[in-house]
Amino acid sequence: MISIVGSVDGKPAQGSRRNGSPGAGNDPAGPEWNGWRGERGVKLYEKLAADIEALVLQGVLLPGERIPSVRQASQHHRMSITTVIRAYVTLESRGIIESRPQSGYFVRARPGEPAIELRPSRPSAKPSAVDVSALVLSTLRSIRSDKAVPLGSPYPDAALFPWQRISQYANNIARRYAKWTMLDDLPPGSSELIRQISRRYLENGYAIDPNEVIVTIGATEAINLCLQAVAKPGDTIAVESPTFYAMLHAIERLGMRAIEVATDPVEGIDIGALERLIDEKGVAACMVMPNFQNPLGFQMPDEKKRNLVAMLTAKDIPVIENDVYGELYYGKSHPSSLKAYDTAGIVLHCASFSKTLTNAFRIGWALPGRYRDVVERLKFLNTLTTPAIPQLAIAEFLKNDGYDSHLRRVRKAYAQQASIMAAAVRRFFPEGTTTSRPAGGYVLWVQLPEGIDAMEMYHAALERRITVAPGHMFAPGATYRNCIRLNYSAEWSPGIESAVQTLGKIAQHLLARNRQSGEDNHDHARR
Ligand SMILES: Cc1ncc(COP(=O)(O)O)c(C=O)c1O
């Protein structure tokens, strides 16, 4: 318990604890991890703190503005005075608000701003073979380890999936399933699911042709089939730098080469740089993730999406669009996709339900534009069919169960957790650390000061039962050796906060050690 006697007039209590963030344990290894949900203890104050932090980061509460008094907040939210004080102290320790004696609590100047911005990437413009799958597989295996805090996971926290409803549908369908023949499942996939997918696009403001949809085993299969449809072994494929490793895996599997394209952490791929590479290096296709890119989290502006499609159409270069996070936006409306600007059929759009409903069923799809028939045939050759029961169970959920209200809950949770995670990194990590500012999705990209090696950090964290995704997984070369990706899809808890604090300590330690050995080498050279 925090022992504060709160003033009830909006003014901070005498002797309020400025640095006592509840739950930030002092044990560097943190409390024992109890699964994604961690030990909750008190929930209400965390929730209030997260709501206020989100309002500050969204610019609703401005720097310097006074926030409601403890008494007002207590009445308004029907929470006890103690809970509100606890939330305010948490926000204070996170640097979001400050107390001014005899005046109350105020939003701190520019609380959400990292000291330095992430810069656009500047990768080497050389095509290279890709060989990241062994590293990615071993990292993903470590994430499976039971008691590790899975900050390195690519998957969302399953606690937010409507698993019970979906599995009920699956059970009911399984009981009736014997009546059907396998032929109903042949590509392009279940007609009922395709109908629901098409309806969903329409609800999001974009009418697709249902005949274009091919159901796949996750977006992973969609990406692989689409790449295979547009390029051949030995071809060069342009990717964002950094990029999600599923894109690199497809290139690796098909014996192609990747060329990294400079990418802005807020606006996405550099169209001019991509155009030059196409002209100079003979790129066969490109792969991008314009909405909430993994790992950078940006949302490419509409105008830029339009320009990218126009440039690629003029050069007749196909583009594979990974849109698995499209529904996980933090803004007011669903983002557009490259597909919406495509008039020539060059966009092969890939998506899935793995990030919104469940990754256990592995249901994805492709809208492959003018490559539709090739992709359908490759789907048949690759896996024959996509399992029918998961397709039908998801179709039933989409038809009956309020996908929209489910998504609203998930988006709100991720938006809050994004700001809490970024604030925790700013608080615990060494000076010079910068982070992305995700506009959707559930991952944060963290650039550590030069000299910290992400693989070293990964191993040190694993010893303390925390996983991170090292930057090495997100480019064909070692371009991002001082970066890590953190997953914030789980509800914030003292266990997670403590894990982030531990990561910060590891980073501080590696930095100090490297600086010391740099100084020793320097002294040695002078002698
Ligand atoms: C950015 C991104 N693309 C693609 C995938 C693969 O999606 P699926 O599980 O539907 O194959 C993932 C899964 O982690 C992802 O995070």
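Student: What makes you say E10 is largely enclosed by the rest of the structure?

Tutor: This is a predicted model, and in it 5 of the 6 residues of E10 are buried, so the strand is largely enclosed by the rest of the structure. A residue is called buried if 20 or more other C-beta atoms lie within 10 Å of its own.

Student: Which strands does E10 pair with?

Tutor: Two of them are E6 and E11. E6 and E10 run parallel, with 4 bridges between them, and E10 and E11 are also parallel, joined by 3 bridges. Thr-236 has Val-283 as its bridge partner in E10, while Met-287 stands opposite Ile-320 in E11.

Student: How do you know those bridges are enough to call E10 and E11 paired?

Tutor: Pairing takes at least two bridges. E10 and E11 have 3, so the pair qualifies.

Student: Which helix goes with E10 and E11 in a β-α-β unit, and what is its hand?

Tutor: Helix H10, residues 302-315, and the unit is right-handed.

Student: What makes a unit like that right-handed?

Tutor: Point the strands away from you and follow the path from the first strand over the helix to the second: if it runs clockwise, the crossover is right-handed. E6, helix H8 (residues 245-253) and E7 make another right-handed unit.

Student: Why is H8 described as largely enclosed?

Tutor: Count its residues: 7 of the 9 are buried, so H8 is largely enclosed by the rest of the structure. The buried ones are Tyr-245, Ala-246, Met-247, Leu-248, Ala-250, Ile-251 and Glu-252.

Student: What covers the buried residues of H8?

Tutor: The cover includes helices H4 (133-144) and H7, along with strands E6, E7, E10 and E11. Just past the end of H8, Gly-255 has a positive phi of about 65 degrees.

Student: How do you know that both faces of E7 are covered?

Tutor: In a regular strand the side chains alternate between the two faces of the sheet. In E7, Arg-257, Ile-259 and Val-261 are on one side, Ala-258 and Glu-260 are on the other, and all are buried.

Student: Which strands does E7 pair with, and in what sense?

Tutor: E6 (residues 236-240) pairs with E7 in the parallel sense over 5 bridges, and Ala-238 has Ile-259 as its partner. E3 (residues 128-129) runs antiparallel to E7, with 2 bridges, and Ala-129 is partnered by Arg-257.

Student: Which residues have the most contacts inside the largest nonpolar core?

Tutor: Cys-226 and Ile-237, in a core of 151 residues. Helix H13 (residues 403-428) supplies the largest share of that core, 11 residues. Leaving out neighbours within four places in sequence, the contacts of Ile-237 are Ala-231, Ile-251, Met-256, Ala-258, Val-283, Ala-284, Ala-285, Cys-286 and Met-287.

Student: What makes Ile-237 and Ile-251 count as in contact?

Tutor: Two residues are in contact if their C-beta atoms lie within 7 Å. Ile-251 is on the contact list of Ile-237, so that pair meets the cut-off.

Student: Why is Glu-456 called partly exposed?

Tutor: Glu-456 has 16 other C-beta atoms within 10 Å. Buried needs 20 or more and exposed means 12 or fewer, so a value in between is partly exposed. Glu-456 lies in helix H14 (residues 454-463), and its C-alpha atom is 8.4 Å from that of Leu-510, which is 54 residues away along the chain.

Student: How do the residues around the ligand divide into nonpolar, polar and charged?

Tutor: There are 6 nonpolar, 8 polar and no charged ones. Of the 14, Pro-154, Gly-218, Thr-220, Ser-352 and Ser-354 come nearest.

Conventions:
Residues numbered from 1 in each chain as written. Predicted model: local features only at pLDDT ≥ 70, side-chain atom pairs only at ≥ 80, totals over all residues. Near = placed C-beta within 6 Å. Nonpolar A, V, L, I, M, F, W, Y, C, P; charged D, E, K, R; others polar. Core = buried A, V, L, I, M, F, W, Y, C linked by C-beta atoms within 7 Å.
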